[in-house]
Amino acid sequence: MNRRGFLRLSASTALSVAALAACGSGGGAAPAAKAQGLTIKLPSYTPLAGALKPDLAGNAAGVPEGYFTYPKELFKAVAKPPMSGGTITAASQTFSPPPPGREQNPAWQEMEKRLGGKVELTVVAADDWATKFNTMVAGNSLPDLFPYIATQGVNNLPAFAASQCADLTALLGGDAVKEYPNLAAIPEIFWKQGIVGGKLYGIPVPRNLVGGLGFYRADILAEAGVTDLAQITDMDRLFEALKAVTDPARKRWGVVTATGGLFGLSIFSQLFGAPNGWRLDKATGKLTAGFETEEYRAAVEYVIKLREAGIIYPGSEGFDTLKRKNTFNSGGAAMTYDGLPAYLGAAGYLQTQKKIDQKADPRPLVPFGGKAVAFMNNIAFATNFVKKADEAKVKEVLRVADFFASPFGSEEYTLINYGVEGTDYTRDDKGNPVLTEQGAKDTTVPWKYLAAPTQPVYDATSADAVRIQHDAISRLIAVGVEDPTTGLYSPAHENKLESLSTMRVDRLTSIMAGRAPMSDYDQLVKDWRAAGGDQARKEFEEVLAAS
């Protein structure tokens, strides 16, 4: 058993005997389908009254708002402190160095002043989260608010949620969420991540729904006669364009990838219209795994065709992220895969490439060719659970979460992201906040991971970048496809997630690299099904049938 499997198992054994007896053990049968299939009301989406008017509008489908500059006049998103003295506990991952503690951190002190109470926050390095979470569960020391990460969680999520976490269905479902106006301003689609066993347990930390199709160099594709992606009517035309711009003598190729990038398969599986995770046939209730479909197979064959034609940067499947980015930034490739946020900011693709070459025109890939879809695979950074407690305590924690969900342009959002004006940030000549040296340290407290508003598109360096990014996200969401198993629980899927994924990735990589023939694809599907794929399918279908 690997380390992650051990951590998940040991955390599960800490659950109460009563809960396990009622809900089934992590390795046993699926929970009763009817228990998962309850129809619940998700929180009703209600835009925040009095919020800042955006430069580019968002909508209920999850398209974010866009802002060209930071407002000079901030508004108050929370009428009064959510706490009345006292303390709540919380835990969060961090991807930054440890922040200064309360005593040395003016932003932390101001945060607790605004909250009206203390937050005893346990900050854990991301690499150590699985160990810490396991310790908290085993020691019955979960904080009042904490993230649940499926790949680092327990083997029986419904049992864990039922025994350890507050059921938020009645407190947030439907119009009840209006008691927490900032949470109510989060569209319904983001809340699906928090459904466990037919009940709402989780509070989302929203992202932009779609991770994107990657990025391309419009100036390079223009050399192949492509001045608008709409001119690419099918995948053969894309192949021709990428082949035309590939020129080893100029050290330029069509596509650059990196370790774990599966030769850019994420781009091409979406362009061919493959499913996001699973495909549901609503007429029969049957599920088909994404890589079992003809669309996914076609994408794999397309990658092989690109590699054999010398269009993929030689050896780039072994590049690290930095080398891949540097290659794309320097014009070494016309296309690469990366998440949408990589476009924005002073260190983003647009500004970085303009510094290298003023003619550079990097842009997010948008759907073309008629078959393309966009995976709804970036819905939330995390889902946070509330520890089971009396209703008064749970409501206090929800009020605190509502504070952290304050939107762009509010006093609260500014404090969370930039700290205290004059100490942690100053304003530039356009009014945008700029962190000071002290602020760069103080704002590493991961408040923004405890709860958050929908993520705005904002770039202090370029209004054009905001327009381009906002347009791309709008187009991607318009053809977005969800995973139909979102919010559903399958023990086989949870317990076999890592091993099944490793099997698929390793063997697909060998096929696309030419180390194994395409004929091995069918055997991979058979082995995946026998190793747990079919059992996961069966369990998901049972839940869907009862929904």
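## Second largest pocket

The lining of the second largest pocket draws at least two residues from each of β7 (202-209), α17 (411-418) and β18 (457-458); helices (H or I, at least four residues) and strands (E, at least two) are DSSP runs, numbered from the N terminus. The model is a predicted one, in which local features need pLDDT of at least 70 and side-chain atom pairs count only at pLDDT 80 or more, while totals for chains, interfaces and linings use all residues. Residues are numbered from 1 along each chain as its sequence is written, and side-chain values use heavy atoms, with hydrogens and water left out.

The second largest pocket holds about 1200 Å³ of space. A pocket is an open set of points on a 1 Å grid over the protein atoms alone, where a 1.4 Å probe fits, with protein on both sides within 12 Å along at least five of seven lines; lining residues have an atom within 4 Å of a point. Grid points are joined across faces, edges and corners, and a volume is the space filled by probe spheres set on the points. There are 38 lining residues, and R207, Y413, N417, K448 and Q455 lie nearest the centre. By class the lining has 23 nonpolar, 12 polar and three charged residues, where Ala, Val, Leu, Ile, Met, Phe, Trp, Tyr, Cys and Pro count as nonpolar, Asp, Glu, Lys and Arg as charged, and the others, Gly among them, as polar.

## Helix α17

With four residues, α17 gives the most to the lining of this pocket. Six of the eight residues of α17 are buried, so the helix is largely enclosed by the rest of the structure; buried means under 20% relative accessible area, exposed over 50%, and partly exposed in between (1.4 Å probe, protein chains only). The buried residues are E412, Y413, T414, L415, I416 and Y418. They pack against α4 (106-115), α16, β16 (425-427), β17 (433-435) and β18, contact meaning heavy atoms within 4.5 Å. Just after α17, G419 takes a positive phi of about 80°.

## A401 in helix α16

A401 lies in α16 (residues 391-404) and counts as buried because its relative accessibility is 0%. Leaving aside neighbours within four places in sequence, A401 is in contact with L183, I203 and A451.

## Four-stranded sheet

An open sheet of four strands has the order β9-β12-β8-β13 and mixed pairing. β9 (253-256) and β13 stand at the edges with a single partner strand each, so one side of each has no neighbour in the sheet. On average, neighbouring strands of this sheet are turned by 25° against each other, direction ignored. Axes are lines fitted to C-alpha atoms, for helices over the stretch in contact, and angles run from 0 to 180 degrees between N-to-C directions.

β9 and β12 run parallel and are joined by three bridges; two strands pair if DSSP finds at least two bridges between them. V255 stands opposite M335 in β12. Helix α11 (residues 235-245) packs on the sheet, touching β9 and β12, and its direction makes about 135° with that of β12. α14 lies across β8, β9 and β12, also running at about 135° to β12.

## Hairpin of β10 and β11

Strand β10 (residues 278-281) pairs with β11 in the antiparallel sense over four bridges, and R279 stands opposite T288 in β11. The hairpin has four residues between the strands, and G285 takes a positive phi near 75°.
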